[in-house]
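This report describes how the secondary-structure elements of one protein chain are arranged and where the confidence of the model falls. The chain is shown first, and the description follows.

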Amino acid sequence: MREAIDLKGARVSAGESPAIEASGLVKVFGETRAVDGLDLSVRRGAVYGVLGPNGAGKTTTIRILATLLRPDAGSARVLGHDVVAEADAVRGLVSLTGQLASVDEDLTGRENLILLARLLGFTRARAKGRAAELLEAFGLADAAGRQVKNYSGGMRRRIDIAASIVVTPQLMFLDGPTTGLDPRSRNQVWEIIRALADQGTTVLLTTQYLDEADQLAERIAVVDHGRVIAEGTPGQLKASVGSGAVHVRLMGPERREEAQRLLAGAPGAPVHLEADPAALSARITEPERAARAMAALDQAGIAVAEFALGQPSLDAVFLALTGHPAEPEPAAERESDDEVEERAA
């Protein structure tokens, strides 16, 4: 990726009205309330994170706001327009990028972008020029002539986002944009999201990844069972847990369970297993307990790669708020929004 990504976007002035206003949104599929009285307010020009596990209602909320589903109750306005009464106006101002690539895999990257530009009213010359700009900006110029089905996962995600901004939207919905990507590809997508926000586009980002929300979002809504259960900046959410935390990363994951038992005894608080298989964290109220925790690990011969005192992680915040970790539950235990909608159709 280039250091400066030129997306040719016009900065949107941050007016008084929010980019998104939702109140009491409800969507029911059969006996399942996928969205259950959800409230949301997003300022213009912000990256706003909606965080929650599979089945929390994130994708269904996005589809309501993007006018793909009608709410069963409640109301929502997007960029000043009602999503039901003024759906056409909303569609002309927003774009939606889901978890799966929506471009034609049998066409090349260049052909996809030119086709979309032509459908959006560009002349042939302007379409070719815009395609070239986006391919260069997204680091895909060398792969422009290859069929998309031969792209890597990260390249597919980038061409999909590029296709969404042939005409730069005022508001972009990104639904799980880095699901299944490797760390390098995730970082590349993060660069694109930051560039969009820098040039004035409001970004509503849904994600299961706590570190992604922490890295990108100005504010975060934590969603569980179709409701917003907490909202604020990442710092505010971490502070809401009400204590400091000790973060430990072991040299390897082999003895993490043993380390968890030792840490639980020293800090006197539950120990949370982080997404990193070698990392743990525990809330503490007294710094002296962190010293005792490290002494316990040392006496047991458990090698520590990193140790830090600080705020709780978003993982710990989510666990404290919901009583369960933010990682997706097994499919057999919890359905995704897509599965709920398909079963009810």
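This is a predicted model: local features need pLDDT of at least 70, side-chain atom pairs count only at pLDDT 80 or more; totals for chains, interfaces and linings use all residues.

In general, the strands of a sheet pair through backbone hydrogen bonds, in either the parallel or the antiparallel sense. Strand 4, formed by residues 73-78, pairs with strand 5 in the antiparallel sense over two bridges, and Arg77 is found opposite Asp82 of strand 5.

| Helix pair | Axes come within | Crossing angle |
|---|---|---|
| Helix 3 (residues 109-119) and helix 4 (residues 124-137) | 8 Å | roughly 135° |
| Helix 3 and helix 5 (residues 153-164) | 10 Å | roughly 15° |

With axes that cross at roughly 135°, helix 3 and helix 4 are therefore oblique to each other, and their crossing is right-handed. On the side of helix 3 the contact is made by Gly109, Arg110, Leu113, Ile114, Ala117 and Arg118, while helix 4 contributes Arg124, Ala127, Lys128, Ala131, Leu134 and Leu135. By class, the residues of this contact between helix 3 and helix 4 comprise seven nonpolar, one polar and four charged.

For the other pair, the axes cross at roughly 15°, and helix 3 and helix 5 are therefore roughly parallel to each other, with helix 3 passing helix 5 in a right-handed crossing. Here the contact is made by Gly109, Leu113 and Leu116 of helix 3 together with Ile159, Ala162 and Ala163 of helix 5. The contact of helix 3 with helix 5 holds five nonpolar residues, one polar residue and no charged residues.

As to confidence, the protein chain has a mean pLDDT of 84, and 85% of its residues reach 70 or more. Over residues 1-6 the pLDDT is below 50, and this stretch has 16 contacts in the model beyond near neighbours in sequence. Over residues 9-15 the pLDDT is also below 50, and that stretch has 13 contacts beyond near neighbours in sequence.

Technical notes. Residues are numbered from 1 along each chain as its sequence is written. Side-chain values use heavy atoms; hydrogens and water are left out. Two strands pair if DSSP finds at least two bridges between them. Helices (H or I, at least four residues) and strands (E, at least two) are DSSP runs, numbered from the N terminus. Axes are lines fitted to C-alpha atoms, for helices over the stretch in contact, and angles run from 0 to 180 degrees between N-to-C directions. Angles under 35 degrees count as roughly parallel, over 145 as roughly antiparallel, 65 to 115 as roughly perpendicular and the rest as oblique. A crossing is left-handed if the near helix is turned anticlockwise from the far one by less than a right angle, and right-handed if clockwise. Contact means heavy atoms within 4.5 Å. Ala, Val, Leu, Ile, Met, Phe, Trp, Tyr, Cys and Pro count as nonpolar, Asp, Glu, Lys and Arg as charged, and the others, Gly among them, as polar. pLDDT is the predictor's confidence in each residue, from 0 to 100.
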